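The following note sets out numbered points for a colleague who wishes to examine the fold and its helix packing. Please read each point alongside the model.

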Amino acid sequence: MAQDRLAALRAQRQQQPPAAGPGGYEMQSVNTPQYANGGGQNNGGDSMGSFMSEVASIQDGIQQFDGNINRISDLHSRSLNTLDESASQQNSAQLDELAEDTRQLSNSLSKRIKALGTSVKGGGQEAQIRKNQIEHVRAKFVETLQRYQEVERQYRARYKQRVERQFKIVKPEATPEEVAAVVNDDQDGGGQIFAQALTTSNRYGESRAAYREVQERHQDIKRIETTLAELAQLFNDMAVLVDQQEIQIDHIHDTAAEVDVETGGALKHTETAVKSARAARRKKWICFWITVIVILAAIGIGVGVYFSNHPPGKSSSSSSGNSTSS
């Protein structure tokens, strides 16, 4: 039932045309009608219907996030393969814009998923449905974060390989330590090593081109390092959400355990009361039968005393004697 509702909501949203993003890519708005600030403040209250609508919206956002990762990967690939300086600058601008849009989208999704956690209160079937839906979107979001992280790490390694190749064009005999300093953009010596290599190189044109590309690749690497740091923070946020959910679940379990204990105690008291009532009824019946027996005994004793004082034969003899005397 819940999945059908989510599918219907997603189908309704997919009918709306997306806006165009950098480089002609289709982009969707980070914000949604229900959550205009991406913070999870639901205009429709805390009903199950608005909750499911927000879950569907977040799932759409995760799909958009996943599509942005594909486009970022494509732009990285173009950046590594293009030889035209103007095309390279244009590609870099598109990559910067798309990376910023993706950063805002991922932060918005993280906030909205965390906001969903505040809607889970108490126990019951509805609370369990909410927990399952939150865990589903959280796991999907984390999976997409991991893919983004893997893409960025992959292209960081490729950019560093490109820097190494360009530096060796300028200084083929460079030592591993010099290569590492230039590749990692070591502030203590990387730039100085490259500058010295430029002054001694006899391939001036290639060396200047190599130097410009190394600078561009260093900018790409710094952008990736920033993205990876932000992704690490998002991973931490999702881990905190899991801990909070576990605390809520533990609290519910503890409450349920307390209820079980209290119920068990109440059952014991009930059993004791039943036993006491049964014993009281048994005592009442015993007292009743004792009373009946005492009454019957008293009647029997009274009858016995009466007949002992008035035996039937004696009365007949007295009557006969009196007749004879007359």
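1. The secondary structure of the protein amounts to eight helices and two strands, where helices (H or I, at least four residues) and strands (E, at least two) are DSSP runs, numbered from the N terminus. Along the sequence these elements follow the pattern α-β-β-α-α-α-α-α-α-α.

2. The model is a predicted one: local features need pLDDT of at least 70, side-chain atom pairs count only at pLDDT 80 or more, and totals for chains, interfaces and linings use all residues. Residues are numbered from 1 along each chain as its sequence is written, and side-chain values use heavy atoms, with hydrogens and water left out.

3. Of the 326 residues in the protein, 35% are buried; buried means under 20% relative accessible area, exposed over 50%, and partly exposed in between (1.4 Å probe, protein chains only). Contact means heavy atoms within 4.5 Å. Among contacts between residues at least 6 apart in sequence, 77% join residues at least 24 apart.

4. Two packed helices are described by the angle between their axes and the distance between the axes. Here the axes are lines fitted to C-alpha atoms, for helices over the stretch in contact, and angles run from 0 to 180 degrees between N-to-C directions. Angles under 35 degrees count as roughly parallel, over 145 as roughly antiparallel, 65 to 115 as roughly perpendicular and the rest as oblique.

5. How do α2 and α3 cross? Their axes come within 9 Å and cross at roughly 155°, and α2 and α3 are therefore roughly antiparallel to each other. The crossing of α2 and α3 is left-handed, a term used if the near helix is turned anticlockwise from the far one by less than a right angle (right-handed if clockwise). By class, the contact of α2 with α3 has 14 nonpolar, ten polar and four charged residues. In this classification Ala, Val, Leu, Ile, Met, Phe, Trp, Tyr, Cys and Pro count as nonpolar, Asp, Glu, Lys and Arg as charged, and the others, Gly among them, as polar.

6. For helix α3 (residues 85–117) and helix α4 (residues 125–170), the axes come within 11 Å and cross at roughly 155°. The pair α3 and α4 is therefore roughly antiparallel, and the crossing is left-handed. On the α3 side the contact is made by Leu95, Thr102, Ser106, Leu109, Ser110, Ile113, Leu116 and Gly117, and on the α4 side by Ile134, Val137, Arg138, Phe141, Tyr148 and Tyr159. This contact of α3 with α4 has nine nonpolar, four polar and one charged residues.

7. The axes of α2 and α4 come within 10 Å and cross at roughly 10°, which makes α2 roughly parallel to α4. The residues of the contact of α2 with α4 divide into 19 nonpolar, nine polar and eight charged.

8. Which residues does Ile69 touch? Ile69, in helix α2 (residues 48–81), is buried, with a relative accessible area of 0%. Not counting residues up to four places away in sequence, Ile69 touches Thr144, Arg147, Tyr148 and Val151. The C-alpha atoms of Ile69 and Gln149 are separated by 9.6 Å, although these residues are 80 apart along the chain.

9. Gln149 lies in helix α4 and is buried, with a relative accessible area of 14%. Leaving aside its neighbours within four places in sequence, Gln149 is in contact with Leu228, Leu231 and Phe235.

10. In the loop between α4 and α5 lies Ala174, which counts as buried at 14% relative accessibility. Apart from neighbours within four places in sequence, Ala174 is in contact with Phe167 and Val179. The C-alpha atoms of Ala174 and Ile193, 19 residues apart along the chain, are separated by 9.5 Å.

11. Helix α5 (residues 176–183) has as its buried residues Glu178, Val179, Ala181, Val182 and Val183. After α5 comes Asp185, whose phi is positive, near 55°.

12. The unreviewed UniProt entry lists residues 285–307 as "transmembrane region"; UniProt positions are given in the numbering used here, feature names are shortened, and annotations may be inferred rather than shown by experiment. In the model, the chain over residues 285–307 is 100% helix and 0% strand, with the end C-alpha atoms 33 Å apart.
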